[in-house]
Amino acid sequence: MSSSESESKSKSLEDKRAKYAKILPQEEADLIWAFLEEKFGIQAEKYKNSFSFAQNRRGRLWIASKEALKFIVSERFDPAKVLTCAIGKSDSRKLLQDNEMHIRLTIDGAMFFNSDITKNILYLTEEEEEIWYTGEAIETTKDITNDVYVLAKEQTKEIIGSTIAKNGFLLNFVPKWRRPDRLAESNSDFNEPENMS
Amino acid sequence: MLGEEEFQSLLQFSEEHPNQPESVRINSLRVNVPDYLEIAEKKGVQFEKVQGSIPDAYYVSMEGPTRKWWNQERLMGKFYSQGNASMIPPIHLVQQEDDFEALKVIDMCAAPGSKTTQLGALMKNKGLIIANDMKSHRLYALHRNLQVFGVANTVVTQLDGRWVTSRWPNTFDRVLLDAPCSGTGSTRKKLFSNRNEQAIMNFQKKQKGLLTAAIAGLKRQEDSYIIYSTCSMIPHENELVLHSFIEKNIVEVEKLDTSLLSGWKLQTGLQEWKGQALSDQLKNTIRINPHWNDSDAFFIAKLRIIGE
């Protein structure tokens with residue numbers, strides 16, 4: 001096998017491994033809780049007894065009930081394959097180009113904690129909200145530092161997602177399948193009344 | 001199953017009402033339900049509570065322009081579109097007084113996830129739900145619906161339901177077996193069509209296999225039970241499946257708490273079919289007929305294991 005072949009093989013193996021997730025030990029979970037508390041004002045004590053985290057090497061973070069995590073350990077499942085509540089990603093370190101610990105909450109993460117989020121919230125006007133759901137970044141005139149934020153509707157204060165603010169832009173992470181204009185083409189079997197077998 | 005006159009009125013009703021009323025469950029894991037109803041009403045959505053004690057279940061109606069906003073809300077997991085009768089099995093599976101933190105539940109045929117998401121909300125995201133399905137394409141929808149609904153107490157598995165509990169014998173406090181069926185009561189436009197006798201018997205075989213597995217997976221303890229349901233009206237997939245287990249003294253049928261279903265017109269399960277006497281325990285099961293409730297058809301039974 002040539003060296004380039006072996007290199008690409010080991011790279012793809014590395015890629016595969018990066019997808020696997022591990023259940024975070026208590027000390028690492030505590031760091032995440034501390035971050036969520038400090039950055040978003042989420043009262044960790046409310047959740048700590050019932051929930052903990054799994055994370056893969058790409059920084060994707062899942063939250064799950066402790067009973068579910070216990071079951072995953074006993075069955076030696078890969079948490080990345082069997083858990084459904086992905087709440088964050090630590091990709092923001094690269095985007096924000098600093099060495100601080102950052103977790104950008106996903107839409108589902110922001111909505112999981114919902115009204116318990118009290119800090120780092122940016123409110124969008126109805127026009128901005130429209131743009132947001134098309135997947136475009138929003139140019140903002142607000143005087144804000146580059147950081148991770150949660151987004152909410154200005155009128156009703158409902159949480160709708162999260163963003164990274166960078167150089168006057170709110171980066172958009174709404175996936176295509178969640179954009180209403182794409183609804184018909186990509187969601188044929190999504191959330192419909194069940195079909196018969 | 002229905003007298004001739006009733007059967008005719010079922011067919012007539014299905015023809016006159018080809019579509020069911022639109023019903024949803026508001027996601028209490030995502031929103032404060034009363035606040036959300038107020039917001040949605042301001043946007044032009046009209047709500048009417050689904051009959052019975054089904055938490056957060058509403059019929060909805062709206063004019064055209066509101067639909068776009070409503071779809072957006074659906075993608076954010078604020079509600080789940082689910083047939084009204086399909087919301088009934090989960091409310092019999094878990095009860096308010098259960099200790100959710102310790103509860104282990106399996107939904108053996110979970111995709112696309114309507115009942116699993118409902119269980120997640122009823123259990124307040126605590127304890128454990130195994131959401132199993134064997135078909136990959138259905139699993140994708142299940143995974144996505146659980147994600148969008150924010151359910152954090154599920155573990156998704158892809159196993160043939162008939163073997164799932166040989167892997168986990170004597171493990172679960174509750175088992176939901178919403179068995180694959182002919183769906184003869186779920187599509188009004190094609191009521192009873194496209195299903196031949198052989199197909200029905202194949203479903204029955206599968207249903208018996210799944211129920212055997214459900215029994216194996218259930219903990220042998222006082223408050224453990226199985227909820228068996230189908231959206232078929234055909235006795236071969238309902239009473240006749242259960243009868244074979246009752247006859248062998250494997251399970252007994254417990255009466256469902258019908259106080260949760262006030263406003264629903266219910267039929268008790270059949271105790272006789274084509275001259276064959278069936279167990280009188282089957283009177284404890286319920287049948288939901290589409291033309292009585294403007295719903296899908298459903299058959300629901302609560303089963304406990306006898307002995308070891």
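Student: Where is A:Glu129 in chain A?

Tutor: A:Glu129 sits in helix α8, residues 126–132; helices are DSSP runs of H or I with at least four residues, strands are E runs of at least two, and both are numbered from the N terminus. By the way, this is a predicted model, where local features need pLDDT of at least 70, side-chain atom pairs count only at pLDDT 80 or more, and totals for chains, interfaces and linings use all residues. Residues are numbered from 1 along each chain as its sequence is written, chains are lettered from A and ligands numbered from 1 in the order written, and side-chain values use heavy atoms, leaving out hydrogens and water.

Student: Why is A:Glu129 called buried?

Tutor: Buried means under 20% relative accessible area, exposed over 50%, partly exposed in between (1.4 Å probe, protein chains only). A:Glu129 has 10% relative accessibility, so A:Glu129 counts as buried.

Student: What does A:Glu129 touch, not counting residues up to four places away in sequence?

Tutor: A:Leu124, A:Lys153, A:Ile160 and B:Gln72. Contact means heavy atoms within 4.5 Å.

Student: And how much of chain A counts as buried?

Tutor: 48% of its 197 residues. Chain A has nine helices and 10 strands.

Student: What makes a nonpolar core?

Tutor: Buried Ala, Val, Leu, Ile, Met, Phe, Trp, Tyr and Cys residues, joined through side-chain atoms within 4.5 Å. The largest one has 47 residues, and B:Leu177 is among the members that touch the most others. Apart from that core lies another of 42 residues, including A:Phe51 and A:Val174.
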